[in-house]
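Biologist: Could you walk me through reading this fold with me?

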Amino acid sequence: MKRILILAALSALTACSRETPEEVRNAAAATNTPEAAATAGPAGDGATFTGLSKKKGPDYVGHYVGVEGMFLTIKHAATPGRYRMEMQWDLDHKGEFRGEQVGDTIVFERNGVRETLRPTNGDATGLKYLAGKTDCLTVKPGEGYCKK
């Protein structure tokens, strides 16, 4: 009986759509999998959603240190793939920014300039103090932060 209802629904969908019957069947099959069930994670961790699971990218949440008192603190925002960041990027400038995950980077705007945090090691930051460290994020040569 269930199979007849599914086939009837597929027939109705194919009559009203531009998709082929096979595409409609494949789409219906994908939503009937256990993965499609609602899943939940801790509030604000970006993992609470309903639907098919999204490929999870790297998680950069944490406190990172730079040189001469510079730092970067990254927290999850309410929306998956978005971050809240607090940063001191030189001796005179400190601010809070919203970042968005794009691939394995975090893109944000600082003083009207689009900047990108890229995962690197300490050597790639160009800063002697961070040389040899492994879990780092670099904005540009001479500006990088590594996890404590």
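Modeller: Gladly! This is a predicted model, where local features need pLDDT of at least 70, side-chain atom pairs count only at pLDDT 80 or more, and totals for chains, interfaces and linings use all residues. Residues are numbered from 1 along each chain as its sequence is written, and side-chain values use heavy atoms, leaving out hydrogens and water.

Biologist: In what order do the strands close into a barrel?

Modeller: Strands of a sheet pair through backbone hydrogen bonds, either parallel or antiparallel. Here 8 strands (E, DSSP runs of at least two residues; paired if DSSP finds at least two bridges between them) close in the order S1-S2-S3-S4-S5-S6-S7-S8, with antiparallel pairing. From one strand to the next, the twist averages 30°, an angle on a 0 to 180 degrees scale between N-to-C directions of lines fitted to C-alpha atoms.

Biologist: How many bridges join S5 to S6?

Modeller: There are 5, between residues 105-110 and 113-120. Phe108, for instance, has Glu115 in S6 as its bridge partner.

Biologist: Is Thr125 buried or exposed?

Modeller: Buried means under 20% relative accessible area, exposed over 50%, partly exposed in between (1.4 Å probe, protein chains only). Thr125 is buried at 0%. This residue lies in helix H3, residues 122-125 (helices are H or I runs of at least four residues), and its side chain reaches the backbone oxygen of Gly122 at 2.6 Å.

Biologist: And what does Gly66 touch?

Modeller: Contact means heavy atoms within 4.5 Å. Beyond four places away in sequence, Gly66 touches Phe71, Tyr129, Leu130, Gly144 and Tyr145. Gly66 sits in the loop between S1 and S2 and is buried, at 8%.

Terms used: A polar contact is a pair of N or O atoms within 3.5 Å; within protein, one must be able to donate a hydrogen and the other to accept it, and residues adjacent in sequence count only if both atoms are side-chain atoms.
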